[in-house]
Amino acid sequence: MTRRIRRALIWVVSAFCVILIAAFIFIATLDWNKAKPYITAAVSKATGRQFSINGDLKVDLGWNSRVTASEIQFENASWSKHPEMAEVGSFDAEIDVWQLVTKFRLVIPAVTISKPKVILEKRADGAANWEFRAASAVTPVPEKRTEFPIVQKLTIKDGTFL
């Protein structure tokens, strides 16, 4: 290898490392609350109902990453007497990034939902508030079981289901 090629290779590798470190620092210091409008808009579009995260949204990155959100609300069907179908005090989920990267499988070791209030109801004509008009058009139903996330532990604290 000539001296010129070696220098070029060192510069390319150095530039790549600097970009990688800068991207890591950017993501690690990112204020995830700025992502809330995009998340709420995506969920609202997918379900056809208003979704909001009124509290903090935190993401701790690592091989076992953690997503935490508080004061979550999800709008009820228009025909319901209750304005909210679901309200959650806090939501905390761990995501096994190693499984996602190496096996392309979404494994969630633990989910903790605190103070949920969920109202499930049906009208006389059979329409249910858990049926979403926009969901079937946006999200296809997975054909294989492996396409579903694997939740290893689900904890619900102080919940109310009506």
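Buried means under 20% relative accessible area, exposed over 50%, and partly exposed in between, with a 1.4 Å probe and protein chains only. The views below show a predicted model, in which local features need pLDDT of at least 70 and side-chain atom pairs count only at pLDDT 80 or more, while totals for chains, interfaces and linings use all residues. Residues are numbered from 1 along each chain as its sequence is written, and side-chain values use heavy atoms, with hydrogens and water left out.

**View A. Helix H2 covers residues 36-47.** Helices (H or I, at least four residues) and strands (E, at least two) are DSSP runs, numbered from the N terminus. The expected span of a helix is 1.5 Å times one less than its number of residues. For the 12 residues of H2 this gives 16 Å, which agrees with the 16 Å between its end C-alpha atoms. Just after H2, Gly 48 has a positive phi of about 80°.

**View B. The two faces of helix H2.** Lys 36, Thr 40, Ser 44, Ala 46 and Thr 47 are the buried residues of H2. They lie on the same side of H2, because their arc around the axis is only 165°; the arc is that of the directions from the helix axis to the C-beta atoms. An α-helix has 3.6 residues a turn, so residues three or four places apart point the same way. On the face turned away from the buried side, H2 carries the exposed residues Tyr 38 and Lys 45.

**View C. A network of salt bridges links Arg 66, Asp 92 and Glu 94.** A salt bridge is a side-chain nitrogen of Lys or Arg within 4 Å of a carboxyl oxygen of Asp or Glu. The structure holds 3 of these salt bridges. In the one between Arg 66 and Asp 92, the closest N and O atoms are 2.9 Å apart. Arg 66 belongs to strand E3 (residues 64-75) and Asp 92 to strand E4 (residues 84-96), so this pair ties together parts 26 residues apart in sequence. Arg 66 also meets Glu 94 in a salt bridge, at 2.9 Å from N to O. Glu 94 lies in strand E4 and Arg 66 in strand E3, so the pair ties together parts 28 residues apart in sequence. Arg 66 is partly exposed at 32% relative accessibility, whereas Asp 92 is buried at 17%.

**View D. A salt bridge joins Asp 125 and Arg 123.** The closest N and O atoms of this pair are 2.9 Å apart. Asp 125 counts as exposed, at 58% relative accessibility. Arg 123 is partly exposed, with a relative accessible area of 37%.
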